[in-house]
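Here are a few friendly notes to read alongside the model. Please keep the viewer open as you go through the points.

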Amino acid sequence: MTEHLPTRPSHIPTLQSIVAKCIPGLLLCILLSFVISLTMFVPPLYMMKLFSGVTATGSVATVVGLSVLAGGAVLLYVVLDYLRSRTYHLLSGWLAERLGDVAIEPIAAQSLRGGRPAELLKDIGMLRDFVAGGGLTAGLDLLWVPMFVAALFLLHPFFGWLGIGAGVTLLILAVANDLLTRAPVRESSERAEGAYREIADALRFAEVIDAMGMLDGIFRRWRARNRQMIAANLRGAQRQAAVLSIAKGIRLTVQLAVFGGGMLLVLEQAADFGTLLASSIILVRALAPLEQMLDRWRHWIAAAGATRRIAAALAKPPRLLRSSMPMPRPRSSLALNHVYFVPAGSNQPTVRGVSLEVGCGEFICIAGAAAAGKTTLLQLMAGMWTPTAGSITLDGHDTHSWNREDFGHHVGYLPQSVQLLGDTVRTVIARLAENDPAATVKAAELAGIHTVIGRLPNGYDSPVDGPGARLTGGQRQQIGIARALYGDPALILLDEPDGSLDSSALKTLIATLKWLRDRGRIIVVTSHRPEMLRSANRVVLLDHGAVARIATPVPCARPDPILSATAAS
């Protein structure tokens, strides 16, 4: 049984511990950035030597020698820049892979809490793109700006103070850019997310929209939201464009100041033309990281926000952390002891003091009006939630703390809203695991769908969704039932499995459940269909989350008025 144990870590690392493992790579990038910055001194030194030495001596050999050295420095720059970019890509790939691995548990937890797990994956992708796209380059190059400013002071204090003044001005513009664009960018992002979410949710019900002529209303709502998003984005873009234009104007002014002031120094014989050209190149190199930061400020803000959200998600208590100890196949009973459950964000329990025991070889049916707590109770039995009070055990072991993969080998579960995960019928039934053809066919036969699958164009290899899919709602539900029965589970939990079934499919399902019951399986079903209620050993009637009555159907006897009213509802 140990081969079924998951290979995922038994705990969820924090973002800090993951990033800490990137430190060697970051140190390598810092070292490469330092050496690359040193190669940036080659062009100004080359010009200084040409103007100061070669013009005086007229030596062609000196020109050739200096040119060869400069060319070697350029080649070194190319190689080091490639290595730095390569390191960025390796870091981003490792970081995305590692975060993707450890994010599985938080994503599942967010999904069960009713959150939006896709947002965490989007944040991981954003952080990966930030690192791979060279977003770190400007930040690392900022470390060496003082070195270039010091070089400017060595050439002449005028150039040094000019560089400091330009750098401080660009920093002020960066802060102003953030203050001016933060609110519009946040508003644009929120409105875009809301608009895309609404249109995506609406188009899931294309049949309803088309049948009742609701497309115009959907279009009007989308257009209004889209206009608001575009307007907010335009405000932010215009403000950033104004700041960037001012920054470009400052850069041109600084270049003019370098040549204007430098020419005065030349006239005063305080500097030469080589020094003037070298100062211009070094000053541009010193200001380049600041200009890049100003241009990529949004990327840094977005990456910082993604980092905070990832850190918060990984720091939350691991609700889905379970035991790693495999347990034997259940052989006794499922027991609920005074179970209460209050959903997150609510102060009213949806399950109230339920006590129930279902033994092996027993088939019970849970009934009740809408919102009576049937689905929540079934989810608690499946270990999706921890009861607020009380306990739920299978063979004496808590269902929530049971290792999920090991638990899944013993349990078959069908949700009320059937979602078929997989690209083909066989992968859906086999629960995305290594396919066992005999077990797959057996599960399909028990669900009464084997013959129907055989009539599909590609049989068990037919797609379940997208182009070429030919499954009706009832057939999809039967495939979901087959998935629940795959692998001969000991505990079978089905949430309204008969909702889309016709009378023939319902008879097959009932016969299968009775056959499984007679072979010692624990079966719990929620249903309103009279045929299903009469087939169970017991019917548990829920009312506002509490057990109102437990009845024992008697075949061919006068119908129980409670069961009849439940079926009618």
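1. Let us begin with a term: a salt bridge is a side-chain nitrogen of Lys or Arg within 4 Å of a carboxyl oxygen of Asp or Glu. By this rule there are 11 salt bridges. In one of them the side chains of D123 and R309 meet, at 2.9 Å from N to O. This pair links distant parts of the chain, 186 residues apart: D123 sits in helix α6 (residues 118-132) and R309 in helix α13 (residues 297-315). Helices here are DSSP runs (H or I, at least four residues), as are strands (E, at least two), and both are numbered from the N terminus.

2. Before going further, please note that this is a predicted model, where local features need pLDDT of at least 70, side-chain atom pairs count only at pLDDT 80 or more, and totals for chains, interfaces and linings use all residues. Residues are numbered from 1 along each chain as its sequence is written, and side-chain values use heavy atoms, leaving out hydrogens and water.

3. D123 counts as buried because its relative accessibility is 5%, whereas R309, at 44%, is partly exposed.

4. Another salt bridge joins R426 and D461, with the closest N and O atoms 3.3 Å apart. R426 belongs to helix α16 (residues 425-429), and D461 to the loop between α18 (450-454) and α19 (473-485), 35 residues apart. R426 is partly exposed at 29%, and D461 is partly exposed at 42%. Salt bridges that share partners also join D81, R84, D141 and R285 into one network.

5. Now look at I510 in helix α20 (residues 503-518). I510 counts as buried because its relative accessibility is 9%. Leaving aside residues up to four places away in sequence, I510 touches E531, M532 and S535; contact means heavy atoms within 4.5 Å.

6. How far can you trust the coordinates? The guide is pLDDT, the predictor's confidence in each residue, from 0 to 100. The protein averages 81, and 87% of the residues score at least 70. Confidence is highest in strand β8 (residues 522-526), at a mean of 94, and lowest in helix α22 (residues 561-568), at 46. Values stay under 50 over residues 1-10 and over residues 556-569. Where pLDDT is low, the predicted coordinates should not be read in detail.

Terms used:
Buried means under 20% relative accessible area, exposed over 50%, partly exposed in between (1.4 Å probe, protein chains only).
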